[in-house]
Amino acid sequence: MATINDNYLKLKAGYLFPEIARRVNAFAEANPDAKIIRLGIGDVTEPLPEACRTAMIKAVEEMGDRATFKGYGPEQGYAWLRQKIAAQDFQARGADIDASEIFISDGSKCDTGNILEIFGHDNIIAVTDPVYPVYVDTNVMAGNTGNANDQGEFEGLVYLPISADNNFTAEIPSKKVDLIYLCFPNNPTGATATKEHLKAWVDYAKANNSIIFFDAAYEAYITDPSIPHSIYEIEGAREVAIEFRSFSKNAGFTGTRCALTVVPKTLTAKAADGSDVELWKLWNRRQSTKFNGVSYIVQRGAEAVYSPEGQAQIKALVSFYLENAKIIREQLTAAGLAVYGGVNAPYVWVKTPNDLSSWEFFDKLLHTVNVVGTPGSGFGAAGEGYFRISAFNSRENVEEATRRITEKFKV
């Protein structure tokens, strides 16, 4: 008889966003005339930049000519895209990253889960709390944890609480951990990390032979020049960090799918016999074996991001969403709610009013003002009593949603 991976059974609750969808769909079916505004899932709403569309149309036309047709591409991504990424995203900021260390993929969400395949099951793993649920769930699926307790915390994970008390930047662990998930600008809290804070993490990782998984999916939203966009701007990070990035939130590729992972060739971890193994070689083998690469058409669209026109257009896109975040932040603050984030990030992190739980506030917003957000408890036990509101929507919807919320929940 075929058997299953029993680790999936540890995931007692549904994944956060499908559960949100289930509740919203049930409400919509019961209230077909309700005008629901969705500020929950971080999905973009504005069209792809013109430069990207033009490049993709040209690439489609190339696929119609035998002379320019492309079949299988390199699993690591085309060199012309990787070179532009290396030059403009990293080297221009003083980060010593070579094009060969960049792997193009179909999503940073996928890569943050898939990266676990090249690591053993005996690592001590640290995550912030609250945290992007994918980090936790993929470790559960991989068999790296025990069962969850009543608060939803899994045995085998080290949770690093983040709150207003520590400016939503986790404190360095007092004990040794092997794998560390960091996300800045942070999802869900919208917090950022200073160079000093990241330097402390890099120093800790070097001292403990740890590896940092650095999720920089929202780096394009950083406007403060003192805040690093990449962990590789920190001296020594090449020896301790893997970085994940995405074209989803800067260029609107959520439905187009293109991202990248950086694995420096100087990064090593221990084999069972105690020898040092280059992680680049393992990840390259994994990708070559289990991934056929991102389509030529999509990669040409991503390449256009680095053209002068593309840079101007994605800057305008990011500015649009940041203005949405500013509206949400200022309006909710004026209504007396405690609000965090939304400055160098597209997410606003709100303390729920009147001691409501995260899901109680979710249901109240949905049923009374027909606005959808994300319950903070869905990101971890320390997220209870908070609520994430996304700036990814039209200006009209953002203004209407904040008007409804502030009228109903003014403190």
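K249 is buried in this predicted model, because its relative accessible area is 12% and buried means under 20%, exposed over 50% and partly exposed in between (1.4 Å probe, protein chains only). The place of K249 is in helix α7, residues 248-251; helices (H or I, at least four residues) and strands (E, at least two) are DSSP runs numbered from the N terminus. An unreviewed UniProt entry places the feature "modified residue: N6-(pyridoxal phosphate)lysine" at K249, although UniProt annotations may be inferred rather than shown by experiment. Residues are numbered from 1 along each chain as its sequence is written. The model is predicted, with local features needing pLDDT of at least 70 and side-chain atom pairs counting only at pLDDT 80 or more.

The unreviewed UniProt entry also gives the annotation "domain: Aminotransferase class I/classII large" for residues 35-405. This span is 35% helix and 16% strand, and its end C-alpha atoms lie 14 Å apart.

Two or more residues of the negative patch come from each of α10 (308-334) and α12 (395-409). E330 is placed in helix α10 and counts as partly exposed, at 42% relative accessibility.

E235 lies in the loop between β6 (211-215) and β7 (241-246) and is exposed, with a relative accessible area of 69%. Between E235 and A325 the C-alpha to C-alpha distance is 32 Å, at a sequence separation of 90 residues.

Technical notes
Heavy atoms only, no water.
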